[in-house]
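Please look at the sequence and the model below, and then follow the text from one part of the fold to the next.

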Amino acid sequence: MAKGQFLSVFSPATDEQRKANFEDYWAFTQNHGGELMEAEQDLAKKRAKLKSFQDNPVKLRTPLADPDAFYRNYVKMQDDPKSLDRMTLMLCAIYKFARHEWVGIKGAWDVVPDMANSHTVEDKISRVHLAEEFCHYRLFDEMLRTFGLDKVEWVPLSPWKEKVYEFFPKVPGVIMDPPAFVTELMGVSFYFHLHALFEDILADEPEVKERVQALLDEITIDEIAHVGQRRNFIGPMGMKFSKWMVTPLYKMFFDDIPEVGEIFDVEQMIKDGLAFDFNDVPDHMVEKSWIPSYCKA
Ligand SMILES: [Fe+2]
Ligand SMILES: [Fe+2]
């Protein structure tokens, strides 16, 4: 990851470049996830990868001191977050972030065309993209199980928030594409910070640290590709709007998850999002992910 190898994700692109990049992404994504299993909202290669983790479970050397503190607060914070230990705050934050993602895709899955009715390369890309997101919530579930949390339920959001997520995919692309792109970018910013937090909080749990980082890497490799792919939907005006939207969207989203402010540096995440240029992505992730041609120096 030599500095200067890649350019800002906000770099301009012509219509021809974007068209060619959609074709290139479509070839990449079919190989990356393997066969789409639409009825199961799953992808063959991703399923096999998850199974390899499940078949070789790893456990904490020292079990969680107070799993009830997690179960009491993971859906909705009941306690004063300042009264909770950092491990519990981190686990609650992981669940809440993943839950938003799960709700978003659940809403979109029934609205966007299925593969049989996808007639453009963009539609096909979007269908596989959603299947990948379903794989992410399963990987997050496996992450929580690694901490011994095997009673996690995936709970819908409040009815009006669910409605927002169901409405979102029906909005015309010119309006929907910038927030969809910035949401992916926010995911990558969050996952890089989470990876670093594992280093810190799991210093005494090397096996679990390695496992949850591997689970997170699986997700992050996809999200890096999603960032480029969603950027590729957007023209020049939309890119200006996207950049403007980074700060308010990150703030609004993370304000809603009280534990994030306790253990994450949201201001730094915003700076990272605005400066994102793929150069800090580790080589082993770049190799497996996808970057638009116009973001390569
Ligand atoms: Fe995701
Ligand atoms: Fe994504």
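In this predicted model, helix 9 and helix 11 pack against each other at an angle of about 150 degrees, and their axes are 10 Å apart. An angle over 145 degrees counts as roughly antiparallel, and helix 9 and helix 11 are therefore roughly antiparallel to each other. As for the sense of the crossing, helix 9 passes helix 11 in a right-handed way. On the side of helix 9, the residues that take part are K243, V246, T247, Y250 and F254, and they meet V266, M269, I270, G273 and L274 in helix 11. Sorted by class, the residues of this contact between helix 9 and helix 11 comprise seven nonpolar, two polar and one charged.

Helix 4 brings L91, I94, Y95, A98, E101, W102, I105, A108 and W109 to the contact, where they meet L130, E133, F134, H136, Y137, F140, M143 and L144 of helix 5. In this contact of helix 4 with helix 5, the residues divide into 14 nonpolar, one polar and two charged.

Helix 4 also meets helix 7, and the axes of these two helices come within 12 Å and cross at roughly 155 degrees. Helix 4 and helix 7 are therefore roughly antiparallel to each other, and helix 4 passes helix 7 in a left-handed crossing. The residues R86, M87, M90 and F97 in helix 4 are the ones that meet F190, L197 and I201 in helix 7. By class, six of the residues in this contact of helix 4 with helix 7 are nonpolar, none is polar and one is charged.

If we leave aside residues up to four places away in sequence, L91 touches F70, L144, F147 and L149.

Most residues other than glycine have a negative phi. Q41, however, has a positive phi of about 50 degrees although it is not a glycine, and Q41 lies in the loop between strand 1 (36–37) and strand 2 (42–43). Is Q41 partly exposed or buried? Because 18 other C-beta atoms lie within 10 Å, Q41 is partly exposed.

F278 is likewise not a glycine, and F278 has a positive phi of about 75 degrees. Its place is in the loop between helix 11 (266–274) and helix 12 (283–288). F278 has 23 C-beta neighbours inside 10 Å, and therefore F278 counts as buried, since the cut-off for a buried residue is 20 or more.

Key. Residues are numbered from 1 along each chain as its sequence is written. Chains are lettered from A and ligands numbered from 1 in the order in which they are written. This is a predicted model: local features need pLDDT of at least 70, side-chain atom pairs count only at pLDDT 80 or more; totals for chains, interfaces and linings use all residues. Two residues are in contact if their C-beta atoms, placed from the backbone, lie within 7 Å. Axes are lines fitted to C-alpha atoms, for helices over the stretch in contact, and angles run from 0 to 180 degrees between N-to-C directions. Helices (H or I, at least four residues) and strands (E, at least two) are DSSP runs, numbered from the N terminus. Angles under 35 degrees count as roughly parallel, over 145 as roughly antiparallel, 65 to 115 as roughly perpendicular and the rest as oblique. A crossing is left-handed if the near helix is turned anticlockwise from the far one by less than a right angle, and right-handed if clockwise. Ala, Val, Leu, Ile, Met, Phe, Trp, Tyr, Cys and Pro count as nonpolar, Asp, Glu, Lys and Arg as charged, and the others, Gly among them, as polar. A residue is buried if 20 or more other C-beta atoms lie within 10 Å of its own, exposed if 12 or fewer, and partly exposed in between; C-beta atoms are placed from the backbone.
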